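Hi,

Here is the structure I promised to pass on. Please have a look at it when you find a moment, and then read on for my notes.

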Amino acid sequence: MFWRLVSQLLRGSRGRLAVAIIAIVSGAAVVSALLNLDLGVQNKLTQEFRTLGANIVISPARGVPAQISGAEVPALMPSDGVLQALQQLPSAQVAAAAPYLYIVARSQNIPVVVAGTWLDQAQKLDATWKLEGNWVASREDDSHCLVGRNVARRLHLAPGNAMELHYMDRSVPCGVAGIVDAGDTEDNQVFASLRAVQSLANLPGQIGLAQVSVAGTAQVVASCAAQLAKALPQYQVRPIRQVAEAEGVLLGRIRLLIVSMVLLILILTALCVLATMAALAMERRKDVGLMKSLGGSISRIVGIFLAEVGVLGAAGGLLGAALGAALSYWMGLRVFGTAIAPRWEVFPATVALMLVVTLTGALPLRMLGNVKPAEILRGE
Amino acid sequence: MATLVQVENLRKDFGNVRALDGVSFRVNAGEWIAIMGPSGSGKTTLINILGGLDTPSTGQAIVDGTDVARLDEAGLTRFRAEKIGFIFQQFHLVPYLTALENVMLAQYFHSTTDEKEAQQSLERVGLGDRIEHLPSRLSGGEQQRVAVARALINQPKLILADEPTGNLDEANEEIVLSLLRELHREGHTILMVTHAATIGRLADRRIEFAHGRLVQAAAASLKPELA
(Lines give C-alpha, C1' and ligand atoms only; values in the text may rest on other atoms or scores of the structure.)
Protein backbone atom coordinates (compact mmCIF):
# COMPACT_ATOMS: atom_id res chain seq x y z
CA MET A 1 0.00 0.00 0.00
CA PHE A 2 2.93 2.30 0.76
CA TRP A 3 4.23 2.34 -2.82
CA ARG A 4 0.66 2.39 -4.15
CA LEU A 5 0.14 5.59 -2.18
CA VAL A 6 3.44 7.04 -3.39
CA SER A 7 2.56 6.19 -6.97
CA GLN A 8 -0.90 7.81 -6.67
CA LEU A 9 0.62 10.88 -5.02
CA LEU A 10 3.05 11.24 -7.92
CA ARG A 11 0.24 10.80 -10.43
CA GLY A 12 -2.14 13.08 -8.59
CA SER A 13 0.36 15.95 -8.27
CA ARG A 14 2.14 15.54 -11.58
CA GLY A 15 1.31 19.09 -12.67
CA ARG A 16 2.78 20.64 -9.56
CA LEU A 17 5.70 18.22 -9.49
CA ALA A 18 6.58 18.88 -13.13
CA VAL A 19 8.38 22.06 -12.06
CA ALA A 20 10.39 20.16 -9.46
CA ILE A 21 11.25 17.31 -11.84
CA ILE A 22 12.41 19.75 -14.53
CA ALA A 23 14.62 21.46 -11.95
CA ILE A 24 16.00 18.13 -10.71
CA VAL A 25 16.67 16.73 -14.21
CA SER A 26 18.28 19.99 -15.36
CA GLY A 27 20.35 20.27 -12.19
CA ALA A 28 21.40 16.61 -12.39
CA ALA A 29 22.30 16.96 -16.08
CA VAL A 30 24.59 19.94 -15.46
CA VAL A 31 26.09 18.42 -12.30
CA SER A 32 26.72 15.13 -14.10
CA ALA A 33 28.25 16.92 -17.08
CA LEU A 34 30.50 18.98 -14.81
CA LEU A 35 31.57 15.93 -12.80
CA ASN A 36 32.37 14.05 -16.03
CA LEU A 37 34.22 17.13 -17.22
CA ASP A 38 36.14 17.38 -13.95
CA LEU A 39 37.25 13.76 -14.18
CA GLY A 40 38.03 13.96 -17.89
CA VAL A 41 39.54 17.42 -18.02
CA GLN A 42 42.85 16.33 -16.51
CA ASN A 43 43.56 13.95 -19.39
CA LYS A 44 42.31 16.44 -21.94
CA LEU A 45 44.34 19.30 -20.51
CA THR A 46 47.43 17.13 -20.35
CA GLN A 47 46.92 16.28 -24.01
CA GLU A 48 46.40 19.97 -24.76
CA PHE A 49 49.59 20.92 -22.92
CA ARG A 50 51.52 18.24 -24.78
CA THR A 51 50.80 20.20 -27.95
CA LEU A 52 52.80 23.06 -26.44
CA GLY A 53 55.93 20.96 -26.86
CA ALA A 54 58.43 19.12 -24.73
CA ASN A 55 58.33 19.47 -21.00
CA ILE A 56 61.77 18.04 -20.14
CA VAL A 57 65.07 19.14 -21.68
CA ILE A 58 68.37 17.26 -21.23
CA SER A 59 71.51 19.19 -22.00
CA PRO A 60 75.18 19.13 -21.06
CA ALA A 61 75.77 20.33 -17.50
CA ARG A 62 77.50 23.56 -18.39
CA GLY A 63 77.52 25.42 -21.60
CA VAL A 64 81.26 24.89 -22.11
CA PRO A 65 81.75 25.16 -25.87
CA ALA A 66 83.66 22.48 -27.70
CA GLN A 67 86.33 23.16 -30.31
CA ILE A 68 85.84 21.20 -33.47
CA SER A 69 88.23 21.72 -36.35
CA GLY A 70 88.92 25.16 -35.03
CA ALA A 71 85.21 26.13 -35.02
CA GLU A 72 83.32 26.67 -31.75
CA VAL A 73 80.17 24.60 -31.25
CA PRO A 74 77.93 24.43 -28.17
CA ALA A 75 78.67 21.84 -25.51
CA LEU A 76 77.84 18.33 -26.65
CA MET A 77 77.08 14.97 -25.09
CA PRO A 78 77.11 11.40 -26.41
CA SER A 79 73.65 10.31 -27.50
CA ASP A 80 73.95 6.67 -26.34
CA GLY A 81 73.69 7.31 -22.58
CA VAL A 82 70.83 9.78 -23.03
CA LEU A 83 68.83 7.45 -25.26
CA GLN A 84 69.40 4.59 -22.83
CA ALA A 85 68.06 6.70 -19.95
CA LEU A 86 65.02 7.67 -22.03
CA GLN A 87 64.26 3.99 -22.66
CA GLN A 88 64.13 3.42 -18.90
CA LEU A 89 61.13 5.75 -18.56
CA PRO A 90 57.68 4.09 -18.50
CA SER A 91 56.79 3.95 -22.20
CA ALA A 92 53.16 4.95 -21.49
CA GLN A 93 54.33 8.27 -20.08
CA VAL A 94 56.68 9.24 -22.90
CA ALA A 95 54.57 10.88 -25.59
CA ALA A 96 57.59 11.82 -27.72
CA ALA A 97 61.34 12.20 -27.39
CA ALA A 98 64.06 13.35 -29.75
CA PRO A 99 67.76 14.21 -29.61
CA TYR A 100 68.99 17.42 -31.27
CA LEU A 101 72.28 18.51 -32.76
CA TYR A 102 72.30 22.15 -33.86
CA ILE A 103 74.83 23.55 -36.30
CA VAL A 104 74.98 26.66 -38.42
CA ALA A 105 75.39 25.48 -42.00
CA ARG A 106 75.06 27.37 -45.28
CA SER A 107 72.70 26.90 -48.17
CA GLN A 108 72.82 29.00 -51.31
CA ASN A 109 75.59 30.80 -49.42
CA ILE A 110 73.17 31.94 -46.76
CA PRO A 111 73.76 30.78 -43.18
CA VAL A 112 70.94 28.67 -41.76
CA VAL A 113 70.50 26.93 -38.42
CA VAL A 114 70.21 23.21 -39.06
CA ALA A 115 68.74 20.91 -36.40
CA GLY A 116 69.59 17.27 -36.74
CA THR A 117 66.86 15.24 -35.05
CA TRP A 118 64.48 12.33 -35.36
CA LEU A 119 62.12 13.77 -37.93
CA ASP A 120 59.39 11.21 -37.16
CA GLN A 121 59.07 12.78 -33.67
CA ALA A 122 58.79 16.38 -34.84
CA GLN A 123 55.00 16.39 -35.17
CA LYS A 124 54.50 14.58 -31.84
CA LEU A 125 56.79 16.97 -29.97
CA ASP A 126 55.01 20.06 -31.20
CA ALA A 127 51.51 19.43 -32.44
CA THR A 128 50.93 23.11 -33.13
CA TRP A 129 53.22 23.04 -36.17
CA LYS A 130 51.45 23.60 -39.44
CA LEU A 131 52.97 21.89 -42.44
CA GLU A 132 52.79 22.50 -46.14
CA GLY A 133 53.86 19.30 -47.91
CA ASN A 134 54.64 16.05 -46.10
CA TRP A 135 56.06 14.94 -42.79
CA VAL A 136 59.12 12.72 -42.83
CA ALA A 137 57.83 9.40 -41.53
CA SER A 138 61.12 7.69 -40.66
CA ARG A 139 64.03 8.86 -38.55
CA GLU A 140 66.25 6.74 -40.84
CA ASP A 141 65.35 8.90 -43.86
CA ASP A 142 68.54 10.94 -44.47
CA SER A 143 67.47 12.32 -47.83
CA HIS A 144 64.59 14.57 -46.77
CA CYS A 145 64.29 17.58 -44.55
CA LEU A 146 61.70 20.03 -43.19
CA VAL A 147 62.32 23.74 -43.77
CA GLY A 148 61.07 26.59 -41.59
CA ARG A 149 58.85 29.00 -43.51
CA ASN A 150 61.23 32.00 -43.13
CA VAL A 151 64.14 29.95 -44.47
CA ALA A 152 61.95 28.63 -47.30
CA ARG A 153 60.97 32.20 -48.22
CA ARG A 154 64.56 33.44 -48.23
CA LEU A 155 65.81 30.46 -50.23
CA HIS A 156 62.69 30.29 -52.45
CA LEU A 157 62.01 26.70 -51.48
CA ALA A 158 58.80 24.73 -51.81
CA PRO A 159 57.89 21.13 -51.00
CA GLY A 160 59.53 18.82 -53.54
CA ASN A 161 62.53 21.15 -54.19
CA ALA A 162 66.08 20.04 -53.56
CA MET A 163 68.56 21.91 -51.40
CA GLU A 164 72.18 21.43 -50.34
CA LEU A 165 73.60 22.07 -46.90
CA HIS A 166 77.25 23.01 -46.54
CA TYR A 167 79.31 22.86 -43.37
CA MET A 168 83.04 23.48 -43.40
CA ASP A 169 84.25 21.51 -46.41
CA ARG A 170 81.39 19.00 -46.34
CA SER A 171 77.98 19.10 -47.90
CA VAL A 172 74.84 17.01 -47.91
CA PRO A 173 71.90 17.15 -50.34
CA CYS A 174 68.31 16.87 -49.14
CA GLY A 175 64.86 17.13 -50.67
CA VAL A 176 62.37 19.50 -49.08
CA ALA A 177 59.52 17.26 -47.76
CA GLY A 178 57.57 20.08 -46.16
CA ILE A 179 57.57 23.72 -45.10
CA VAL A 180 57.03 24.24 -41.35
CA ASP A 181 54.97 27.10 -39.95
CA ALA A 182 55.66 26.99 -36.19
CA GLY A 183 55.07 30.65 -35.42
CA ASP A 184 58.33 30.63 -33.45
CA THR A 185 62.12 30.34 -33.88
CA GLU A 186 61.66 27.03 -35.68
CA ASP A 187 60.52 29.04 -38.71
CA ASN A 188 64.18 30.08 -39.11
CA GLN A 189 65.56 26.54 -39.01
CA VAL A 190 66.03 23.52 -41.24
CA PHE A 191 65.25 20.10 -39.72
CA ALA A 192 67.26 17.22 -41.11
CA SER A 193 67.94 13.70 -39.91
CA LEU A 194 70.25 13.46 -36.91
CA ARG A 195 72.54 11.04 -38.69
CA ALA A 196 72.89 13.37 -41.71
CA VAL A 197 73.73 16.39 -39.54
CA GLN A 198 76.15 14.39 -37.37
CA SER A 199 77.85 13.32 -40.57
CA LEU A 200 77.85 16.88 -41.97
CA ALA A 201 79.37 18.26 -38.74
CA ASN A 202 81.63 15.26 -38.35
CA LEU A 203 80.21 14.67 -34.88
CA PRO A 204 79.11 11.00 -34.94
CA GLY A 205 77.15 9.93 -31.84
CA GLN A 206 77.04 13.49 -30.46
CA ILE A 207 74.01 15.58 -29.63
CA GLY A 208 73.47 19.05 -28.18
CA LEU A 209 70.33 18.35 -26.25
CA ALA A 210 67.33 16.02 -26.00
CA GLN A 211 63.71 16.98 -25.57
CA VAL A 212 61.10 14.77 -23.95
CA SER A 213 57.37 15.20 -23.89
CA VAL A 214 55.93 13.41 -20.87
CA ALA A 215 52.19 12.74 -20.78
CA GLY A 216 50.81 13.39 -17.31
CA THR A 217 50.39 15.89 -14.55
CA ALA A 218 53.04 18.26 -13.27
CA GLN A 219 53.86 15.63 -10.64
CA VAL A 220 54.40 12.96 -13.30
CA VAL A 221 56.67 15.31 -15.26
CA ALA A 222 58.67 16.11 -12.12
CA SER A 223 58.94 12.40 -11.32
CA CYS A 224 60.24 11.57 -14.83
CA ALA A 225 62.68 14.47 -14.65
CA ALA A 226 63.98 13.20 -11.30
CA GLN A 227 64.40 9.70 -12.74
CA LEU A 228 66.36 11.07 -15.71
CA ALA A 229 68.48 13.31 -13.48
CA LYS A 230 69.40 10.28 -11.38
CA ALA A 231 70.31 8.25 -14.47
CA LEU A 232 72.24 11.14 -16.08
CA PRO A 233 74.01 12.93 -13.20
CA GLN A 234 76.60 14.41 -15.55
CA TYR A 235 73.93 16.28 -17.52
CA GLN A 236 71.37 18.93 -16.77
CA VAL A 237 67.80 17.62 -16.73
CA ARG A 238 65.26 20.44 -16.54
CA PRO A 239 61.49 20.16 -16.44
CA ILE A 240 60.06 23.11 -18.33
CA ARG A 241 58.26 24.59 -15.35
CA GLN A 242 56.18 27.11 -17.20
CA VAL A 243 54.30 24.33 -18.95
CA ALA A 244 54.00 22.08 -15.93
CA GLU A 245 53.05 24.86 -13.56
CA ALA A 246 50.64 26.48 -15.97
CA GLU A 247 48.99 23.10 -16.35
CA GLY A 248 48.76 22.68 -12.58
CA VAL A 249 47.40 26.20 -12.04
CA LEU A 250 44.87 25.86 -14.83
CA LEU A 251 43.71 22.48 -13.55
CA GLY A 252 43.27 23.93 -10.07
CA ARG A 253 41.27 26.86 -11.39
CA ILE A 254 39.08 24.69 -13.58
CA ARG A 255 38.43 22.36 -10.65
CA LEU A 256 37.53 25.31 -8.39
CA LEU A 257 35.20 26.64 -11.10
CA ILE A 258 33.55 23.24 -11.53
CA VAL A 259 33.11 22.70 -7.78
CA SER A 260 31.66 26.23 -7.39
CA MET A 261 29.24 25.68 -10.25
CA VAL A 262 28.17 22.27 -8.92
CA LEU A 263 27.48 23.82 -5.50
CA LEU A 264 25.58 26.71 -7.05
CA ILE A 265 23.45 24.38 -9.16
CA LEU A 266 22.73 22.13 -6.18
CA ILE A 267 21.61 25.16 -4.15
CA LEU A 268 19.42 26.45 -6.99
CA THR A 269 17.88 23.00 -7.49
CA ALA A 270 17.22 22.70 -3.75
CA LEU A 271 15.57 26.15 -3.76
CA CYS A 272 13.35 25.21 -6.68
CA VAL A 273 12.35 21.93 -4.99
CA LEU A 274 11.84 23.87 -1.75
CA ALA A 275 9.44 26.31 -3.42
CA THR A 276 7.48 23.48 -5.04
CA MET A 277 7.34 21.50 -1.83
CA ALA A 278 6.22 24.52 0.19
CA ALA A 279 3.29 24.98 -2.20
CA LEU A 280 2.60 21.25 -2.16
CA ALA A 281 2.69 21.13 1.64
CA MET A 282 0.01 23.86 1.74
CA GLU A 283 -2.09 21.92 -0.78
CA ARG A 284 -1.77 18.69 1.18
CA ARG A 285 -2.70 20.06 4.59
CA LYS A 286 -6.24 18.78 4.08
CA ASP A 287 -5.04 15.31 3.03
CA VAL A 288 -2.73 15.20 6.05
CA GLY A 289 -5.52 16.29 8.39
CA LEU A 290 -7.71 13.54 6.98
CA MET A 291 -4.94 10.93 7.22
CA LYS A 292 -4.34 11.92 10.82
CA SER A 293 -8.04 11.54 11.57
CA LEU A 294 -7.86 8.02 10.15
CA GLY A 295 -5.10 7.18 12.62
CA GLY A 296 -2.06 7.97 10.51
CA SER A 297 0.98 8.95 12.56
CA ILE A 298 2.88 11.96 11.30
CA SER A 299 6.01 9.84 10.76
CA ARG A 300 4.10 7.46 8.47
CA ILE A 301 2.38 10.29 6.62
CA VAL A 302 5.54 12.35 6.11
CA GLY A 303 7.34 9.10 5.24
CA ILE A 304 4.97 8.68 2.28
CA PHE A 305 5.67 12.23 1.10
CA LEU A 306 9.43 11.85 1.59
CA ALA A 307 9.37 8.62 -0.42
CA GLU A 308 7.56 10.52 -3.16
CA VAL A 309 10.29 13.18 -3.09
CA GLY A 310 12.96 10.48 -2.97
CA VAL A 311 11.52 8.81 -6.07
CA LEU A 312 11.55 12.20 -7.79
CA GLY A 313 15.17 12.81 -6.78
CA ALA A 314 16.36 9.34 -7.81
CA ALA A 315 14.48 9.29 -11.12
CA GLY A 316 15.44 12.88 -11.92
CA GLY A 317 19.03 12.16 -10.90
CA LEU A 318 19.27 9.08 -13.13
CA LEU A 319 17.70 10.79 -16.13
CA GLY A 320 19.80 13.91 -15.56
CA ALA A 321 22.99 11.84 -15.18
CA ALA A 322 22.32 10.22 -18.56
CA LEU A 323 21.65 13.61 -20.15
CA GLY A 324 24.76 15.01 -18.45
CA ALA A 325 26.89 12.20 -19.91
CA ALA A 326 25.69 13.21 -23.37
CA LEU A 327 26.28 16.87 -22.52
CA SER A 328 29.87 16.23 -21.35
CA TYR A 329 30.48 14.17 -24.53
CA TRP A 330 29.35 17.17 -26.59
CA MET A 331 31.31 19.66 -24.45
CA GLY A 332 34.45 17.55 -24.88
CA LEU A 333 34.01 17.63 -28.64
CA ARG A 334 33.41 21.39 -28.67
CA VAL A 335 36.15 22.41 -26.23
CA PHE A 336 38.87 19.80 -26.68
CA GLY A 337 38.03 18.37 -30.08
CA THR A 338 37.62 14.87 -28.62
CA ALA A 339 34.74 13.38 -26.68
CA ILE A 340 34.85 13.02 -22.89
CA ALA A 341 33.76 9.47 -22.14
CA PRO A 342 31.10 9.24 -19.38
CA ARG A 343 32.44 7.86 -16.11
CA TRP A 344 30.32 5.21 -14.40
CA GLU A 345 31.00 6.62 -10.92
CA VAL A 346 29.29 9.88 -11.91
CA PHE A 347 25.87 8.14 -12.11
CA PRO A 348 25.59 7.06 -8.44
CA ALA A 349 27.25 10.32 -7.34
CA THR A 350 24.69 12.40 -9.27
CA VAL A 351 21.76 10.34 -7.98
CA ALA A 352 23.05 10.61 -4.41
CA LEU A 353 23.51 14.39 -4.73
CA MET A 354 20.01 14.79 -6.17
CA LEU A 355 18.55 12.69 -3.35
CA VAL A 356 20.25 14.92 -0.78
CA VAL A 357 19.11 18.05 -2.63
CA THR A 358 15.49 16.94 -2.99
CA LEU A 359 15.24 15.73 0.60
CA THR A 360 16.71 19.06 1.73
CA GLY A 361 14.20 20.81 -0.53
CA ALA A 362 11.45 18.78 1.11
CA LEU A 363 11.98 20.48 4.47
CA PRO A 364 8.65 22.34 4.18
CA LEU A 365 6.93 18.96 4.51
CA ARG A 366 7.94 19.11 8.17
CA MET A 367 5.27 21.80 8.54
CA LEU A 368 2.73 19.04 8.00
CA GLY A 369 3.61 17.70 11.42
CA ASN A 370 1.85 20.72 12.94
CA VAL A 371 -1.40 20.16 11.09
CA LYS A 372 -4.34 19.90 13.50
CA PRO A 373 -6.89 17.55 11.96
CA ALA A 374 -9.84 19.14 13.76
CA GLU A 375 -8.99 22.56 12.26
CA ILE A 376 -8.43 21.16 8.80
CA LEU A 377 -11.66 19.16 8.79
CA ARG A 378 -13.56 22.22 10.01
CA GLY A 379 -12.23 23.91 6.88
CA GLU A 380 -9.95 26.41 8.62
CA MET B 1 -25.71 -2.67 28.85
CA ALA B 2 -22.03 -1.58 29.26
CA THR B 3 -21.12 2.08 29.06
CA LEU B 4 -18.99 2.79 26.00
CA VAL B 5 -18.78 6.58 26.26
CA GLN B 6 -18.63 8.53 29.49
CA VAL B 7 -18.37 12.31 29.38
CA GLU B 8 -17.89 14.11 32.69
CA ASN B 9 -17.96 17.87 33.14
CA LEU B 10 -16.30 18.43 29.74
CA ARG B 11 -15.11 21.93 28.91
CA LYS B 12 -13.42 23.25 25.80
CA ASP B 13 -12.25 26.83 25.34
CA PHE B 14 -11.02 28.40 22.11
CA GLY B 15 -9.35 31.53 23.46
CA ASN B 16 -12.14 33.48 25.14
CA VAL B 17 -14.86 31.41 23.54
CA ARG B 18 -16.23 28.48 25.56
CA ALA B 19 -17.36 25.85 23.05
CA LEU B 20 -18.30 23.22 25.64
CA ASP B 21 -19.34 24.14 29.16
CA GLY B 22 -19.51 21.32 31.68
CA VAL B 23 -21.09 18.65 29.50
CA SER B 24 -21.79 15.24 31.06
CA PHE B 25 -23.56 12.20 29.60
CA ARG B 26 -23.12 8.49 28.99
CA VAL B 27 -23.65 6.29 25.96
CA ASN B 28 -24.16 2.56 26.18
CA ALA B 29 -22.57 0.16 23.73
CA GLY B 30 -24.89 -0.40 20.75
CA GLU B 31 -26.78 2.88 21.21
CA TRP B 32 -27.49 5.34 18.41
CA ILE B 33 -27.35 8.86 19.73
CA ALA B 34 -28.35 11.97 17.80
CA ILE B 35 -26.55 15.14 18.89
CA MET B 36 -28.61 18.13 17.93
CA GLY B 37 -28.57 21.85 18.36
CA PRO B 38 -28.02 25.09 16.46
CA SER B 39 -24.76 26.00 14.71
CA GLY B 40 -22.00 26.93 17.15
CA SER B 41 -23.58 25.03 20.00
CA GLY B 42 -20.55 22.73 20.42
CA LYS B 43 -21.75 19.56 18.65
CA THR B 44 -18.78 19.19 16.34
CA THR B 45 -16.36 20.12 19.13
CA LEU B 46 -17.78 17.27 21.21
CA ILE B 47 -17.45 14.83 18.30
CA ASN B 48 -13.85 15.97 17.69
CA ILE B 49 -12.93 15.42 21.35
CA LEU B 50 -14.58 12.01 21.48
CA GLY B 51 -12.77 11.09 18.26
CA GLY B 52 -9.37 12.19 19.55
CA LEU B 53 -9.08 14.98 16.99
CA ASP B 54 -9.10 17.61 19.71
CA THR B 55 -8.42 17.65 23.43
CA PRO B 56 -10.68 19.07 26.13
CA SER B 57 -9.64 22.02 28.31
CA THR B 58 -10.94 20.24 31.41
CA GLY B 59 -13.11 17.24 32.21
CA GLN B 60 -13.12 13.64 31.10
CA ALA B 61 -14.07 11.96 27.84
CA ILE B 62 -13.76 8.23 28.31
CA VAL B 63 -14.28 6.00 25.28
CA ASP B 64 -14.08 2.23 25.75
CA GLY B 65 -12.15 2.76 28.97
CA THR B 66 -9.67 5.26 27.52
CA ASP B 67 -9.64 8.84 28.79
CA VAL B 68 -8.99 10.79 25.61
CA ALA B 69 -7.81 13.81 27.60
CA ARG B 70 -4.88 11.87 29.00
CA LEU B 71 -3.52 10.59 25.68
CA ASP B 72 -0.39 12.04 24.10
CA GLU B 73 -0.07 12.58 20.33
CA ALA B 74 1.03 8.99 19.65
CA GLY B 75 -1.72 7.65 21.92
CA LEU B 76 -4.35 9.74 20.15
CA THR B 77 -3.13 8.43 16.79
CA ARG B 78 -3.53 4.80 17.90
CA PHE B 79 -6.88 5.62 19.53
CA ARG B 80 -8.24 7.08 16.28
CA ALA B 81 -6.94 4.17 14.22
CA GLU B 82 -8.29 1.44 16.49
CA LYS B 83 -11.47 2.74 18.11
CA ILE B 84 -13.05 5.40 15.94
CA GLY B 85 -14.76 5.44 12.56
CA PHE B 86 -15.45 8.94 11.20
CA ILE B 87 -18.13 9.95 8.70
CA PHE B 88 -17.91 13.64 7.74
CA GLN B 89 -20.45 15.93 6.14
CA GLN B 90 -17.86 16.88 3.42
CA PHE B 91 -17.02 13.18 2.87
CA HIS B 92 -13.27 13.99 3.07
CA LEU B 93 -11.96 11.40 0.64
CA VAL B 94 -8.40 11.65 -0.67
CA PRO B 95 -8.99 12.97 -4.20
CA TYR B 96 -6.14 11.12 -5.93
CA LEU B 97 -7.01 7.71 -4.43
CA THR B 98 -9.70 5.42 -5.85
CA ALA B 99 -12.69 4.38 -3.75
CA LEU B 100 -10.92 1.11 -2.95
CA GLU B 101 -7.67 2.88 -2.01
CA ASN B 102 -9.53 5.34 0.22
CA VAL B 103 -10.88 2.39 2.19
CA MET B 104 -7.49 0.66 2.19
CA LEU B 105 -5.88 3.84 3.52
CA ALA B 106 -7.74 3.37 6.82
CA GLN B 107 -6.58 -0.26 6.90
CA TYR B 108 -3.00 0.87 6.22
CA PHE B 109 -2.97 3.26 9.18
CA HIS B 110 -4.68 0.66 11.40
CA SER B 111 -2.48 -2.35 10.66
CA THR B 112 -2.17 -4.11 7.32
CA THR B 113 -4.16 -3.77 4.13
CA ASP B 114 -6.50 -6.43 2.79
CA GLU B 115 -7.75 -5.52 -0.65
CA LYS B 116 -10.41 -8.26 -0.68
CA GLU B 117 -11.85 -7.09 2.61
CA ALA B 118 -11.87 -3.48 1.42
CA GLN B 119 -13.65 -4.56 -1.76
CA GLN B 120 -16.29 -6.44 0.27
CA SER B 121 -16.78 -3.36 2.41
CA LEU B 122 -17.54 -1.30 -0.71
CA GLU B 123 -19.83 -4.03 -2.06
CA ARG B 124 -21.74 -3.87 1.21
CA VAL B 125 -22.50 -0.18 0.66
CA GLY B 126 -23.53 -0.90 -2.93
CA LEU B 127 -20.35 0.32 -4.66
CA GLY B 128 -18.94 -2.99 -5.89
CA ASP B 129 -18.87 -1.60 -9.44
CA ARG B 130 -17.23 1.70 -8.45
CA ILE B 131 -14.14 0.51 -6.60
CA GLU B 132 -11.64 1.89 -9.14
CA HIS B 133 -13.37 5.26 -9.46
CA LEU B 134 -11.73 8.42 -8.17
CA PRO B 135 -13.91 10.56 -5.85
CA SER B 136 -14.29 13.12 -8.64
CA ARG B 137 -16.15 10.48 -10.67
CA LEU B 138 -18.54 9.55 -7.86
CA SER B 139 -21.76 11.32 -6.89
CA GLY B 140 -22.08 12.90 -3.42
CA GLY B 141 -24.09 9.91 -2.16
CA GLU B 142 -21.54 7.48 -3.55
CA GLN B 143 -18.69 9.42 -1.94
CA GLN B 144 -20.47 9.31 1.41
CA ARG B 145 -20.99 5.57 1.03
CA VAL B 146 -17.23 5.19 0.43
CA ALA B 147 -16.72 7.19 3.66
CA VAL B 148 -19.11 4.78 5.47
CA ALA B 149 -17.18 1.79 4.11
CA ARG B 150 -13.93 3.43 5.25
CA ALA B 151 -15.35 4.14 8.71
CA LEU B 152 -16.35 0.51 9.15
CA ILE B 153 -13.32 -1.27 7.71
CA ASN B 154 -11.39 -1.52 11.00
CA GLN B 155 -14.39 -2.59 13.09
CA PRO B 156 -14.32 0.55 15.28
CA LYS B 157 -15.91 0.65 18.73
CA LEU B 158 -17.55 3.98 18.01
CA ILE B 159 -18.84 5.56 14.79
CA LEU B 160 -18.84 9.35 14.84
CA ALA B 161 -20.92 10.87 12.07
CA ASP B 162 -20.90 14.65 11.69
CA GLU B 163 -23.91 15.71 9.59
CA PRO B 164 -23.53 12.58 7.41
CA THR B 165 -26.44 13.54 5.17
CA GLY B 166 -25.92 17.30 5.25
CA ASN B 167 -24.62 17.42 1.69
CA LEU B 168 -26.87 14.83 0.13
CA ASP B 169 -30.10 14.94 -1.84
CA GLU B 170 -33.14 13.08 -0.56
CA ALA B 171 -32.47 9.83 -2.41
CA ASN B 172 -28.86 9.60 -1.30
CA GLU B 173 -29.83 10.70 2.24
CA GLU B 174 -32.16 7.71 2.45
CA ILE B 175 -29.42 5.34 1.22
CA VAL B 176 -26.95 6.59 3.84
CA LEU B 177 -29.56 6.55 6.62
CA SER B 178 -30.54 2.99 5.77
CA LEU B 179 -26.87 2.06 6.04
CA LEU B 180 -26.70 3.67 9.48
CA ARG B 181 -29.86 1.81 10.52
CA GLU B 182 -28.27 -1.42 9.38
CA LEU B 183 -25.11 -0.67 11.36
CA HIS B 184 -27.21 0.09 14.41
CA ARG B 185 -29.08 -3.20 14.06
CA GLU B 186 -25.72 -5.00 13.91
CA GLY B 187 -24.84 -3.49 17.30
CA HIS B 188 -22.55 -0.59 16.34
CA THR B 189 -22.49 2.43 18.62
CA ILE B 190 -23.21 5.60 16.66
CA LEU B 191 -22.97 9.24 17.69
CA MET B 192 -24.44 11.35 14.94
CA VAL B 193 -24.54 15.14 14.72
CA THR B 194 -27.56 16.40 12.82
CA HIS B 195 -29.67 19.50 12.39
CA ALA B 196 -32.65 17.62 11.05
CA ALA B 197 -35.24 16.60 13.61
CA THR B 198 -36.57 13.85 11.37
CA ILE B 199 -33.15 12.25 11.19
CA GLY B 200 -32.59 12.80 14.90
CA ARG B 201 -35.71 10.82 15.64
CA LEU B 202 -34.13 7.73 14.04
CA ALA B 203 -31.71 7.53 16.98
CA ASP B 204 -32.31 5.79 20.29
CA ARG B 205 -31.73 9.07 22.12
CA ARG B 206 -31.32 12.72 21.29
CA ILE B 207 -28.89 14.99 23.12
CA GLU B 208 -29.53 18.66 22.48
CA PHE B 209 -26.95 21.40 22.84
CA ALA B 210 -27.19 25.16 23.16
CA HIS B 211 -24.28 27.51 23.80
CA GLY B 212 -21.97 24.63 24.67
CA ARG B 213 -24.33 23.16 27.24
CA LEU B 214 -26.42 20.03 27.18
CA VAL B 215 -29.98 21.26 27.42
CA GLN B 216 -32.03 18.16 26.84
CA ALA B 217 -31.62 14.40 26.58
CA ALA B 218 -34.62 12.50 25.33
CA ALA B 219 -35.63 9.24 23.74
CA ALA B 220 -36.59 9.59 20.07
CA SER B 221 -40.32 9.19 20.06
CA LEU B 222 -40.84 8.83 16.31
CA LYS B 223 -38.15 6.23 15.87
CA PRO B 224 -40.49 3.23 15.43
CA GLU B 225 -42.39 4.89 12.58
CA LEU B 226 -39.25 5.88 10.63
CA ALA B 227 -37.20 2.78 11.25
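How many salt bridges does the rule find across the interface of chain A and chain B? There are two, and please keep in mind that this is a predicted model. In one of them, the side chain of Arg4(A) meets that of Glu101(B), with 3.0 Å from N to O. On the chain A side, helices H1 (2-12), H9 (285-293), H10 (298-336) and H12 (373-378) each supply at least two of the residues that touch chain B. Sorted by class, that side of chain A has twelve nonpolar, six polar and six charged residues.

As for the interface as a whole, 24 residues of chain A are in contact with 26 of chain B. Together the two chains bury about 2,500 Å², and carbon and sulfur atoms account for 63% of that area. Polar contacts between chain A and chain B come to six residue pairs, counting those with both residues at pLDDT 80 or more.

E5(B) pairs with E4(B), residues 58-63, in the antiparallel sense over two bridges, and Ile62(B) stands opposite Asp67(B) of E5(B).

Best wishes

Key:
Residues numbered from 1 in each chain as written. Chains lettered and ligands numbered in written order. Predicted model: local features only at pLDDT ≥ 70, side-chain atom pairs only at ≥ 80, totals over all residues. Heavy atoms only, no water. Pairing = 2+ DSSP bridges. Helix = DSSP H or I, 4+ residues; strand = E, 2+ residues; numbered from the N terminus. Contact = heavy atoms within 4.5 Å. Buried area = accessible area lost by both parts, 1.4 Å probe. Salt bridge = Lys/Arg side-chain N within 4 Å of Asp/Glu carboxyl O. Polar contact = N/O pair within 3.5 Å; in protein donor to acceptor, adjacent residues only side chain to side chain. Nonpolar A, V, L, I, M, F, W, Y, C, P; charged D, E, K, R; others polar.
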